[in-house]
Amino acid sequence: LGLLPIGLAYFVFTVISWLLFQSALWRLVGKATAPALFITLPALLINAKCGQNGFLIAGIIGWSLVAIRERSSTSGWWLGAMIIKPHLAAGIGLLALFERQWGAVWRAALAASLLCITATLAFGLPIWTAFQTGTATTSAALWEGLFPLERMTSVFAALNRFGLQPGFALTIHVISVVAFVSAFIVAAKARLDRDLFLAMGACVTLLIGPYNYDYDMITLTLPIGLMLPYFVARAKVHEFVALIFLSWVALSNYLWIGLRQIWYGVPKIEASMQLWTITPIALAVMAFLVCSVLRRPAPAIPSGALARAYLRSGGKFPA
């Protein structure tokens with residue numbers, strides 16, 4: 001698409017990647033699609049504005065989840081396609097392992113290998129030197145705090161922006177990743193409901209890498225859609241409003257930067273003007289809210305305004 005005029009390339013890429021994401025989301029969560037999109041609206045707008053790959057990545061992960069849930073042989077091919085952004089595939093890879101879908105694992109490895117071979121044949125061996133150089137440059141820039149940390153969503157970025165030295169921040173990030181994965185293993189052994197287990201895998205995949213941006217959080221739409229029927233059946237209206245508020249706060253990083261630019265009257269935010277990285281904090285509070293609500297016993301006949309609205313929309317509550 002880089003050979004096309006920039007406006008046309010943006011339009012083609014954004015529309016096609018949106019359709020991939022939208023189709024996967026509908027197949028995965030059905031009638032919960034609209035409310036899930038509303039809950040993560042800021043991330044959708046941010047990605048559309050900057051032409052990033054959030055729709056593409058969320059679409060690939062979404063179809064991976066669909067295939068894993070349906071035990072389809074295509075799950076490995078979708079997972080292998082995540083070689084384009086492998087640090088966001090770790091949780092889905094663990095999900096395939098916990099589901100004992102060994103065919104998906106080897107197909108993912110085969111797909112990733114074929115894509116690397118194809119790229120090498122198309123562009124030659126120097127692309128690997130370029131890849132190594134680019135990776136080293138990115139790592140150094142991340143370590144030195146040269147990226148816009150207020151747009152990043154990882155535990156590492158938050159701690160670094162709050163003033164912790166990169167080494168210490170990374171150590172705590174690794175500890176948190178171990179905790180997330182351990183909780184995922186416990187959920188696998190506890191035989192958590194299938195959709196909630198898939199939702200947990202999608203959440204874990206967003207929390208593993210230290211290098212994540214606000215547009216990557218479009219993937220959060222998938223687990224939100226999966227858990228919504230459980231949440232709505234148990235939640236009060238004010239808890240649903242709190243869920244939306246926390247999600248919008250967590251995903252509106254780019255908006256806060258724009259407001260900051262207006263406040264300072266500058267075209268670009270310098271490091272000294274950066275905001276705190278609040279995404280992990282808001283996500284942690286949101287996770288606490290969701291877990292607190294889901295721990296309640298499901299009513300035999302869900303009642304309340306939220307439940308009635310969800311049923312009218314054609315949705316169904318899980319047994």
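**Briefing: a helical protein in a predicted model**

The protein exposes about 16,100 Å², and carbon and sulfur atoms supply 72% of it; accessible areas here come from the Shrake-Rupley method with a 1.4 Å probe, and for residues only the protein chains shown count as cover. This is a predicted model, in which local features need pLDDT of at least 70, side-chain atom pairs count only at pLDDT 80 or more, and totals for chains, interfaces and linings use all residues. Residues are numbered from 1 along each chain as its sequence is written, and side-chain values use heavy atoms, with hydrogens and water left out.

**Overall build**

- The protein has 16 helices and zero strands; both are DSSP runs numbered from the N terminus, helices being H or I of at least four residues and strands E of at least two.
- Its radius of gyration is 20 Å, close to the 20 Å that the globule rule gives for 319 residues, so the protein is as compact as a globular protein of that length. The radius is taken over C-alpha atoms, and the rule is 2.2 Å times the number of residues to the power 0.38.
- The C-alpha trace spans about 60 × 50 × 40 Å along its principal axes.
- Of the 319 residues, 45% are buried. Buried means under 20% relative accessible area, exposed means over 50%, and partly exposed lies in between (1.4 Å probe, protein chains only).
- Among contacts with a separation of 6 or more, 75% join residues 24 or more positions apart; a contact means heavy atoms within 4.5 Å.

**Charge and cysteines**

- There are 22 positive and 10 negative side chains, and the centres of the two sets lie 9 Å apart. Lys and Arg count as positive, Asp and Glu as negative, while His and the chain ends are not counted. Each charge is placed at NZ of Lys, CZ of Arg, CG of Asp or CD of Glu.
- The whole structure holds zero disulfides, a disulfide being a pair of cysteine sulfur atoms within 2.5 Å.
- C50 is partly exposed, at 32% relative accessible area. C116 is also partly exposed, at 26%.

- The buried residues of α6 are G91, I92, G93, L95 and A96. Their cover includes α4 (54-69), α5 (75-81), α7, α10 and α11.
- R100 follows α6 and sits in the loop between α6 (90-98) and α7 (102-123). Its phi is positive, about 55 degrees, although R100 is not a glycine.
- R100 is exposed, with a relative accessible area of 60%.
- R191 lies in the loop between α10 (166-189) and α11 (194-207). R191 has a positive phi of about 55 degrees and is not a glycine either.
- R191 is exposed, at 75% relative accessibility.
- Most residues other than glycine have a negative phi.

**Two buried positions**

- T219 is in the loop between α11 and α12 (221-234). T219 is buried, at 0% relative accessibility.
- Neighbours within four places in sequence aside, T219 is in contact with I57, A58, I61 and L206.
- A141 belongs to helix α8 (residues 126-143). A141 is buried, with a relative accessible area of 14%.
- Setting aside neighbours within four places in sequence, A141 is in contact with L146 and F147.
- A141 and M286 are 145 residues apart in sequence and 30 Å apart in space, C-alpha to C-alpha.
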